[in-house]
Amino acid sequence: MSNPSKKVINTICPYCGVGCGIGLQVSDGTVTGVEPLPQHPVSQGMLCVKGWSSAFALDPYDRIKTPLIKENGHFRPASWSEAYQLIVDSFQAIKQEHGPNALGLIACARATNEDCYAAQKFARTVLGTHNIDHCARICHSPSVAGLRQTLGSGAMTNSIDDIEKADLLVIFGCDPTENHSVLGGRMIQAQQAGTKLLVVDPRKTRLAKLADLHLQLNLGTNIALINGLINIIFSNGWEDKTFIEERCENIDALRKKVAGYPPKRVAEITGVPVDQLHAAAKMYSQSERTFLAYGMGITQYTSGTNNVIAISNLTLVTGQIGREGTGINPLRGQNNVQGACDMGALPNVFPGYQEALDATSQEKFGTAWKCEIPQQKGLTSLGMTSEALNGRFQGMIIMGEDPVVTDPDQNHVLRALEALDMLVVVELVMTETAKVADVILPAAAFAEKDGTFTNCERRVQRVRAAIPPPGDAKTDWQILGELAKLLGYDGMQWPNAEAVFDELAQLTPLYQGMSYDKLELDNGLQWPCNDATPDGTKLLHSGQFSRGKGRLIPVDHTDPAEMPDSDYPLYLTTTRLHYHYGCGSMTRKSPLLERETPSGVLFIHPDDARKLSIQAGTLLRISSRRGEVETRAVVTDDLPPGTVAMPYHFKEAPSNLLTNTAQDPVTKMPELKACAVKIEVVTEQ
Ligand code: SF4
């Protein structure tokens, strides 16, 4: 006889943007295990080790179960009403004294679309400001900005299934077998079935070792390399002339610009030999179908937006877009970073990328939300921390993000958060950021709430409550709705997650044709889904681009803001590891994942290690102009000499004590991929 207290609830993995389907095995109100879903269109019965371990993230032992208020430097439990009253009094006082722009909210790419929609609505209606942002700022904000300029839409143009339809996979500045492992596995399977593989990365990643060609370029030389490839393509007549003629604009300006990047000069800047540049240009342009995927090796630079534009130029001049098996495919990092952007948890756009300062959009949302829409430009997350240090920003809500660990220059972030009059953190567990909060509110985790996540291929998928939240924890949209009412706004009193979704779908043209009932069919729907495309859209830009013609925009190589010198002679780049995710607050609860890696490492080339008398496991002090960190060495030739790498998951060895806050001028993306450091051996007792 079956046990009625045992069940399997189908939902979505809470980790990366691939969005694999998982079945949560529930017994007596506890998640006891995870199983893959063979029928799921993306994961097809596969999960990576993080997905298999997702039940550990729900372990209640260290969960925050009640509101906490800090008194005399220590947290004490409080009731919801006491915590809310403290926040309301403080926010009202700040608003009265300093105005609405002294307040802001950081939403979360791990939260549901419903939570993120509520967050940006709360900022714009209740706080009265466009100061709303989230961690896309430090991963793919240049993709959104760059591709909107060139194509009109800043998302993955094709679908994950197109990996198997391509003749050539180009993996540019990303490491899918570490960070998007199921997708990386599908790439390896495609290669085994005959698809060619070209990898462009300063590191010898797993895919680079398998590749038909690996361009091991110098850190921060993406634009020079791409302009060089386009130069070779034009010189050999390998461009798609018909595609350029019919679907692109501004070709003459691009031709002029790339003429300044002859192969010899590009080889000098990038370190990639001319014959390899030539081979790559031929492979890319002459393949029938080239699927290009890229990651934060493109975006996390002061040139991030221009790097994305350069990728777009390459794709457009070769016509490798708008067809199955082709396209520009930014691999989004977190489970719902695509959705958080779609929901307008960004200072410059409402849901569906409708401009925040555009009069028509303002009228639309002002009417729908029955409020005055703020007129002043909003701050980014890093803008809020800078303004806090300048004394012009006093109150903030952070939903489920841990900027103390994940943002650049940790000391700067800590000083800014400590300078606030009121910091509210909505969290699952006591993170490094929660420790500096004035009030902590307990949040429901992914398996404790209904909602939707949107994966990297724009697939909006249902997330389902398998168990109740522990203690007094609530969903973010419930918390924000209750706070909104106390602050005098009635427009966020939704009875359930479905009501939030129905409201957001009505106001977001990309989601307009979706409902929870429709999402049940075929494991979600890919946006745009509306009257014209009721079954969703697998392929963007077939026939014409969202903006009409594809715009070719000439861009130039620029060096990273901080280069190695005699004081700090090595480049540091930051990476992620297969076994961990983000700040580690979820993955590090799994003994299985925690067993696999020591808590913090520095990867260093054998030549550099030899010069500094470093061996595997040697304790090192790594210093930059912003701080220093101690961790142990891993000696590997996966990196080029002169470049060292650290993962950012570990609070014991936070690479972001070292990283640089220099920013991309368009998106304010900090340069997390390159800064200068020095290394010393620490003498152990
Ligand atoms: Fe989860 Fe990503 Fe792994 Fe899939 S690939 S199981 S979504 S972490």
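Helix 8 passes helix 14 in a left-handed crossing, a term that applies when the near helix is turned anticlockwise from the far one by less than a right angle (right-handed if clockwise). Helices here are DSSP runs of H or I with at least four residues, strands are E runs of at least two, and both are numbered from the N terminus. This is a predicted model, so to speak: local features need pLDDT of at least 70, side-chain atom pairs count only at pLDDT 80 or more, and totals for chains, interfaces and linings use all residues. Residues are numbered from 1 along each chain as its sequence is written, and side-chain values use heavy atoms, with hydrogens and water left out.

Back to the helix pair. The axes of helix 8 (residues 222-235) and helix 14 (residues 304-317) come within 9 Å and cross at roughly 15 degrees. That makes helix 8 roughly parallel to helix 14; the label covers angles under 35 degrees, with over 145 roughly antiparallel, 65 to 115 roughly perpendicular and the rest oblique. Axes are lines fitted to C-alpha atoms, for helices over the stretch in contact, and angles run from 0 to 180 degrees between N-to-C directions. On the helix 8 side, the residues that meet helix 14 include Ile 223, Ile 226, Leu 229 and Phe 234, and their partners in helix 14 include Asn 307, Ala 310, Ile 311 and Val 317. Contact means heavy atoms within 4.5 Å. The residues of this contact divide into 10 nonpolar, 4 polar and no charged.

Helix 3 brings Asn 113, Glu 114, Tyr 117 and Lys 121 to the contact, while helix 21 supplies residues including Val 500, Phe 501 and Leu 504. By class, the contact of helix 3 with helix 21 has 6 nonpolar, 1 polar and 3 charged residues.

| Space | Volume | Lining by class |
|---|---|---|
| Largest pocket | about 560 Å³ | 11 nonpolar, 9 polar, 5 charged residues |
| Second largest cavity | about 190 Å³ | 11 nonpolar, 2 polar, 4 charged residues |

On a 1 Å grid over the protein atoms alone, a cavity is a set of points where a 1.4 Å probe fits but cannot get out, a pocket is an open set with protein on both sides within 12 Å along at least five of seven lines, and lining residues have an atom within 4 Å of a point. Grid points are joined across faces, edges and corners, and a volume is the space filled by probe spheres set on the points. Helix 4 gives the most to the lining of the largest pocket, with 5 residues. The whole structure has 6 cavities of 30 Å³ or more.

Finally, the backbone: a cis peptide bond, omega about 0 degrees, joins Trp 527 and Pro 528.

Key: Nonpolar A, V, L, I, M, F, W, Y, C, P; charged D, E, K, R; others polar.
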